[in-house]
Amino acid sequence: MISFRYHIVSIVSVFLALAVGVALGGGPLKGEVDNTLVQQVQADRKTKAALQAEISSLKSGNDFQDSFAATVGPGLVADQLKGRVVNLVVLPGADQADVSGLTRLVGQAGGTVGGTLRAGNGLVDVGNKQLVDQLGSQLMDGTSGVSVSQSASGYERIGALIARAIGTEDNGGARVDNSANSILAGLSTAGLMSAEGNFNRRGSLVLFVAGSGSGSAEQKQGSNTIVTTLAQAVDANTDGVVVAGPLESAHAGGLVKAMRDDVTASRDVSTVDALGHTAGQVVTVLALAGQANGKTGQYGAVDAANGAMPGASTGQ
């Protein structure tokens, strides 16, 4: 049985421990503890100030580069797309500022944007494979001038149909006929793709505008595979395709990296990894001009095999 004396000793021990702690904290260790804390706070403040200065410097550098590109860009792209019709396919997550900037630069290059098509999330979701297969078969039955092999996948069929709806091999573009309208109506009804505003002409060049990607690694891989298939199908039925995205898209899980890693796709489709900056938009328009002249390249800042822009050296 625990005695009353044991309780007294325990309580006294606790108070002694507290007294020793207070004595040490207010005695010989107090100055050392306080100095350590002060030094840590001062170091943290210096680190914060240095990071803020670095961020400010990077922003100033980016602003300068964008201003410079906006100034020289129109001269670089002038007449590069003269008489050409370009259509934009805007993928989920793409930056609207890039879409607007690219549309403006195509005009400054002497070209015309025939239409802007918005790809729905459903188009790049592998979970909709059955829907894509069924819709592709239905649309193929009622559309002339579209040819795919018997063994073609659902996404290859849809890609060929999208090419028929928005693309042509005629340099000056082609009218949006009944077949094109029918295909787009089917895609829109299924929530896969729809025209933004007026869709005036089918284009000989097609630009896929991408974002940095979203979802799990598996979802990104599935989406990238779908878009790669679609881009190749459109490229086969037009004068050329460019896929452009931000820097993140050139890293693991990004669409641009997936396109570049695909040997067949990278042989025919050009990529740019510098959207998000005016310079990247300029390079994208130059890449479109390259496609118009039968030249394919991988351009940008991240593992770009053909340098920063068409005609630039990689330094290797």
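Reader: Which side chains meet in a salt bridge at 3.3 Å, N to O?

Author: One looks for a side-chain nitrogen of Lys or Arg within 4 Å of a carboxyl oxygen of Asp or Glu. In this predicted model, lysine 257 and aspartate 261 meet that criterion. Both belong to helix 8 (residues 255–261) and are four residues apart, about one turn of the helix.

Reader: With which residue does arginine 260 form a salt bridge?

Author: Its partner is aspartate 273, with the closest N and O atoms 3.1 Å apart. This pair links distant parts of the chain, 13 residues apart: arginine 260 is in helix 8 and aspartate 273 in strand 8 (residues 270–275). Arginine 260 is buried at 15% relative accessible area, and aspartate 273 is buried at 0%.

Reader: Which parts does the salt bridge between arginine 118 and glutamate 196 tie together?

Author: The closest N and O atoms of arginine 118 and glutamate 196 are 2.7 Å apart. Arginine 118 lies in strand 2 (residues 112–119) and glutamate 196 in strand 4, so the bridge ties together parts 78 residues apart in sequence.

Reader: In what order do the strands form the sheet?

Author: Seven strands form an open sheet, ordered 4-2-1-6-7-8-9, with mixed pairing. Its edge strands are strand 4 (193–196) and strand 9 (298–299). Strand 1 (residues 85–90) pairs with strand 6 (residues 205–209) in the parallel sense, over five bridges.

Key: Residues are numbered from 1 along each chain as its sequence is written. This is a predicted model: local features need pLDDT of at least 70, side-chain atom pairs count only at pLDDT 80 or more; totals for chains, interfaces and linings use all residues. Side-chain values use heavy atoms; hydrogens and water are left out. Two strands pair if DSSP finds at least two bridges between them. Helices (H or I, at least four residues) and strands (E, at least two) are DSSP runs, numbered from the N terminus. Buried means under 20% relative accessible area, exposed over 50%, partly exposed in between (1.4 Å probe, protein chains only).
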